[in-house]
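Please examine the sequence and the model displayed below before reading the report.

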Amino acid sequence: MEDKEINPDFDYNLFVSLSKEAREKLMKIKPRTLGQASRISGVTPSDISVLMVHITK
């Protein structure tokens with residue numbers, strides 16, 4: 001997942017399927033990759049799955 005980059009301007013608030021805690025932490029930390037996002041406390045595996053679907057489109 002380290003090679004799956006996330007656009008720095010990605011708006012996590014657009015995805016209500018992410019938990020509120022995940023949206024808040026992702027907006028604050030702005031991880032550069034899915035790997036970094038997966039190591040954030042409060043971001044669940046299901047949140048990572050949602051992100052994976054949206055960034056690989």
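Predicted model: local features only at pLDDT ≥ 70, side-chain atom pairs only at ≥ 80, totals over all residues.

Residues are numbered from 1 along each chain as its sequence is written, and side-chain values use heavy atoms, with hydrogens and water left out.

**Salt bridges**

A salt bridge is taken as a side-chain nitrogen of Lys or Arg within 4 Å of a carboxyl oxygen of Asp or Glu. The count comes to 3 salt bridges, as tabulated here.

| Salt bridge | N to O distance |
|---|---|
| Arg39 and Glu2 | 2.7 Å |
| Lys20 and Glu24 | 3.8 Å |
| Glu21 and Lys25 | 3.3 Å |

The side chains of Arg39 and Glu2 meet in one of these bridges. Because Arg39 lies in the loop between α2 (34–38) and α3 (45–55) and Glu2 in the segment before α1, the pair ties together parts that are 37 residues apart in sequence. Helices are DSSP runs (H or I, at least four residues), numbered from the N terminus. Relative accessible area defines three classes: buried under 20%, exposed over 50% and partly exposed in between (1.4 Å probe, protein chains only). Arg39 is exposed at 57%, whereas Glu2 is partly exposed at 44%.

Lys20 and Glu24 are 4 residues apart in helix α1, a separation of about one helical turn. Lys20 is exposed, with a relative accessible area of 56%, and Glu24 is partly exposed at 48%. Glu21 and Lys25 also lie in helix α1, 4 residues apart, about one turn of the helix. Glu21 is partly exposed at 41%, as is Lys25 at 27%.

**A buried arginine**

Arg23 belongs to helix α1 (residues 20–29). Although buried, Arg23 has no salt bridge, and the nearest side chain of opposite charge, Glu24, is 7.0 Å away. For charge, Lys and Arg count as positive and Asp and Glu as negative, with His and the chain ends not counted. Leaving aside residues up to four places away in sequence, Arg23 touches Tyr12, Asn13, Phe15, Val16 and Leu18; contact means heavy atoms within 4.5 Å.

**Aromatic packing**

Rings of Phe, Tyr and Trp (its six-membered ring) pair if their centres lie within 6.5 Å; planes under 30 degrees apart count as stacked, over 60 as edge-to-face and the rest as tilted. The whole structure contains 2 aromatic pairs. The rings of Phe10 and Phe15 have centres 5.3 Å apart and planes at 15°, so this pair is stacked. Phe10 and Phe15 are both buried, and together with Tyr12 they form one aromatic cluster.

Notes:
Helix = DSSP H or I, 4+ residues; strand = E, 2+ residues; numbered from the N terminus.
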